[in-house]
Amino acid sequence: MSTRWPTLIEDGNGVLILDQTRLPHEAVMLRLDSLEDAANAICVMQVRGAPLIGATAAYGVALGLATDASDARLGQVIDTLAATRPTAVNLHWALARMRRVLERSELAIRREAAWKEARAVATEDKAANAAIGRHGLALLQAAHRGDRPINVMTHCNAGRLATVEHGTAIAPIYAAHAAGIAVHVWVSETRPRNQGLLTAWELREAGVPHTLIADNAAGLLMMQGKVDLVIVGADRIAANGDTANKVGTYLKALAARAHGVPFYVAAPLSTIDFACPSGAGIPIEERAAQEFGAAVADFGTAVANPAFDVTPAALISGIISERGVAAAGALGQWQA
Ligand code: MRU
C-alpha cells in the first residue's frame, strides 16, 4: 500500500498532518505547532476518524506542554482537547492515558515523556490496525464465492485516513488486496460530509477496485445479492457491543439483517468503552447546518445533523479488533 501521504508524522517540535478538509481534491500536509493548532485540527476535521483523533490529541498534549509542563497546564491542555469532539472515545482514551503517564512523570522530564507517550499511542495504533487486517482477512476469505471478487460494502471512512496507518474497516481489504485476492468495495458516499470520497481517494491510491454509491443505494445492492459482507468502523463501542459509528451505519445494519448479509464492525480496543454499559450512554455529536451546504444553510429551515448513530449489538455479526473476532455481546473477554 502506498504511504505517499502519511496521516500524521512528527516533524521536529511539531507534527505534520494530511489536511483532510482539502481531500480528495488536493493533498496538502499541514504543520501543527501548538495546542491550539491540534485542537482546531480535530474540531474542524482536518484530522478525523476515531483512532487518528486519539493520536492527534496525544500529540496535542505534547505540543501544549512546550513551555509549561506544570500540573495546572497539563489539566488545562487535557480539558481543551477533551472539548473538541464528543463521540469518538479514542480521544478520551488517549487523553486519560497521557494524564496517567504524565502525572507520574517528574516535571523536568514531563515534556519529553509526553512526546514519548504520544509516539507510543501512534505506533500502537499502527500495530493494532495491522492485526485487525489479519483477523478480518480470514472473514473475507470465508465470504469468497466462486471466482467473482469479494464485494465488501463500507460506510464513512474507516481506512488509513481515519487512523495513523492501515485503517480499521479497510485494513482487511488492504490485506486481501496485498494477498492477491480479488476484492471490490462499495463505498457509501456518507452525507453530509462525504467521507466516502476519502475512502475512494485512498482506495484509488492503493489500487483497490471500488465503486462510489449514494447512501440510499445500499439497500438495493444488498437486495440484489451484490454485497457479500459489510464492514464498518466505530467511534465508540459500548460494553454490550452497541456501536456508535457515522450516521447511516444503523440503516445499513438493518438492510444487511433483512438480506442475510454479514455485518462486521472493525475497531481497535481503544474504541471500546467498557465504562459505558450500552449505546444509550454514548454521546452523539450534533454538527452545524453548514455541513448540508450553503444552499440548505441559507434556506433557513430547521436542520438536525446528528453525526453518528448507534447500531444495536444484535445486528452485528462480529467485532474485529487486534485481539481477533468476537461476538458483539462477548466483548468482556477483551477487558483488561
Ligand atoms: O466524523 P468523522 O469523520 O471523524 O467520523 C469518524 C469516522 O471516521 C467514522 O465514523 C468511522 O467509520 C469510524 S473511525 C475509524
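A crossing of two helices is called left-handed if the near helix is turned anticlockwise from the far one by less than a right angle, and right-handed if clockwise. Helices here are DSSP runs of H or I with at least four residues, numbered from the N terminus.

A word on the model. It is predicted, so local features need pLDDT of at least 70 and side-chain atom pairs count only at pLDDT 80 or more, while totals for chains, interfaces and linings use all residues. Residues are numbered from 1 along each chain as its sequence is written, and side-chain values use heavy atoms, leaving out hydrogens and water.

Now the first pair. Helix α2, residues 50–64, packs on helix α4, residues 89–103, at about 30°, and their axes lie 7 Å apart. Axes are lines fitted to C-alpha atoms over the stretch in contact, with angles from 0 to 180 degrees between N-to-C directions. Because of that angle, α2 is roughly parallel to α4 (under 35 degrees; over 145 is roughly antiparallel, 65 to 115 roughly perpendicular, the rest oblique). The crossing is right-handed. Contact means heavy atoms within 4.5 Å. The residues involved include I53, G54 and V61 of α2 and N90, L91 and M98 of α4. By class, this contact has 11 nonpolar, 2 polar and no charged residues. Nonpolar means Ala, Val, Leu, Ile, Met, Phe, Trp, Tyr, Cys and Pro; charged means Asp, Glu, Lys and Arg; the others, Gly among them, are polar.

Next, α5 and α6. How far apart are their axes? The distance is 7 Å, and the angle is about 70°, so these two are roughly perpendicular. α5 and α6 also make a right-handed crossing.
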